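Here are a few notes to read alongside the model.

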Amino acid sequence: MTLNILDLLIAKRDGETLSAEAIQWLIDAYTHGHVTDYQMSAFLMAAFIRGMNDAETQTLTRAMLYSGEVLDLSDLPGIKVDKHSTGGVGDKISLPLAPIVAACGVPVPMISGRGLGHSGGTLDKLEAIPGFNVNLSIPEYRRQLQQNGLVLIGQTPEIAPADRKLYALRDVTGTVPFIPFIASSIMSKKLAEGIDALVLDVKCGRGAFMQTVPEAEKLAQTLVEIGEAFGKPTVGWITNMNVPLGQAVGNWLEVEESVRCLKGEEVSEVMELTYTLASEMLCLGGVAETPEKGLVMAREVVENGKAFEKFLQIVQSQGGDIGVLENTSSYTQLAPAYEIFVPDSAEGYVHDIDALVVGKTAVLTGAGRMKKEDPVDPGAGIFLHLKPGDEAKAGSRLATLYTQKTSEVEALKQAVVAAFQFGEEVPEHQTLLMKRVTGKGVVRGS
Ligand code: URA
């Protein structure tokens, strides 16, 4: 049967399930410019409203994956494992995680994205390190991985070009927050990297795409099912993104916090999550028999300095200045600092910090971008001195704002204070590690 765009649009508009052949045709035709943006926009909206089932989502992923090059790293030794996070505020986990896992002997080929809107991106953080080059060619990507057991780059034009076009269109047609589109977008890129297994960090809460646990569970299950259907063992964690992760929000600030973590100076929630994801990656990578054993290995390479050494090695190898990592106070691009104090009315404890408000305010300091082409200021951001559960004394330091935008400092300070909620009683602890999702379903929370 000859396929044509109008029949396909009408079928989806009327709620029909599309055949694998039709979806494959649509993605090919769109990637090669035979289907226009206005036709594809109509498809996106029809699918968003009418839904897509699991089989359609898998076919969509496959079509997007094979719209470009699918890397084959099978000639390199080891089981290659990556981690993907659905994005949040203060989420710097890739920075400590990747070197920890690589230092334990599991190769990590990591292709990351940039920050958009209120959520940050690993590439912007890496580029806050002077000289760090995230734009490697595919032969160089392979060479780095072979030589160092770790490579950290941005998406190349060869990888999942259909996703690149589709994501831009979803962004301007109100069709981003739809699980089949999010899952196919993420997995087409991850499966193209040449990985053997994958760990997913599905963020849940105010600062995340998925605001509720059932939504996050559905996304995590869809992602895990796609991974498994492509023969790549996949484990997901649903983690709390109501509150920013750690204390630093902003590119260099997050590098600096990650360095402290890698040096073993920080034992906060950043490391709780890092160690959990590392232990999963070490199991999938075949060097640990159980997540518990993986946890011990991960802690060991932080304590004996091997993880930090690995980080320095990869930064140097990708052109970055390791001097600023060895001595973070020598960093020269930090934006001017402005202190924010606990208001007089707020004696007691910090009860909550709204990740979305902090994320949006961090963008306004210059740390993020609203449009893809916007530049970011590597030295801008917000450092949270107090987190939920901490005692708040009027006049003590609440946060530090780093920004070049002198005329906006007062408004930014007020926005940061407004993100906090205080109360007289010690608040209930918020669970960071909410649920673990495998091919067998939602197995447990922590
Ligand atoms: N991250 C992606 O890569 N794609 C989406 O659609 C959402 C988050």
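Buried means under 20% relative accessible area, exposed over 50%, and partly exposed in between (1.4 Å probe, protein chains only). Please keep in mind that this is a predicted model, where local features need pLDDT of at least 70, side-chain atom pairs count only at pLDDT 80 or more, and totals for chains, interfaces and linings use all residues. Residues are numbered from 1 along each chain as its sequence is written, and side-chain values use heavy atoms, with hydrogens and water left out.

1. Ala160 is buried, with a relative accessible area of 0%, and has a positive phi of about 40° although it is not a glycine. Most residues other than glycine have a negative phi. Ala160 sits in the loop between β3 (150–154) and α8; helices (H or I, at least four residues) and strands (E, at least two) are DSSP runs, numbered from the N terminus.

2. Next, the ligand. Its shell is made up of Tyr167, Arg170, Ile182, Ser185, Ile186, Lys189 and Phe209, taking residues with a heavy atom within 4 Å. α8 (161–171) and α9 (179–192) each supply at least two of the shell residues, and α9 gives the most, with 4.

3. Which side chains have an N or O atom at 2.8 Å, 2.6 Å and 2.5 Å from a ligand atom? Arg170 lies 2.8 Å from a ligand oxygen, Ser185 lies 2.6 Å from a ligand nitrogen, and Lys189 lies 2.5 Å from a ligand oxygen. The protein covers 88% of the 240 Å² of accessible area that the ligand has on its own (Shrake-Rupley method, 1.4 Å probe).

4. Do look at strand β1 (residues 81–85) too: 5 of its 5 residues are buried, so the strand is largely enclosed by the rest of the structure. Val81, Lys83 and Ser85 point one way, while Asp82 and His84 point the other. β1 runs parallel to β4 (residues 197–204), joined by 5 bridges (strands pair if DSSP finds at least two). His84 stands opposite Leu200 in β4.

5. Finally, the whole structure has 4 aromatic pairs, meaning rings of Phe, Tyr and Trp (its six-membered ring) with centres within 6.5 Å; planes under 30 degrees apart count as stacked, over 60 as edge-to-face and the rest as tilted. One of them is the tilted pair of Phe48 and Phe178, 5.3 Å centre to centre with 40° between the planes. Phe48 is in helix α3 (residues 37–50) and Phe178 in the loop between α8 and α9, 130 residues apart. Phe48, Phe178 and Phe181 form one aromatic cluster.

Technical notes. Polar contact = N/O pair within 3.5 Å; in protein donor to acceptor, adjacent residues only side chain to side chain.
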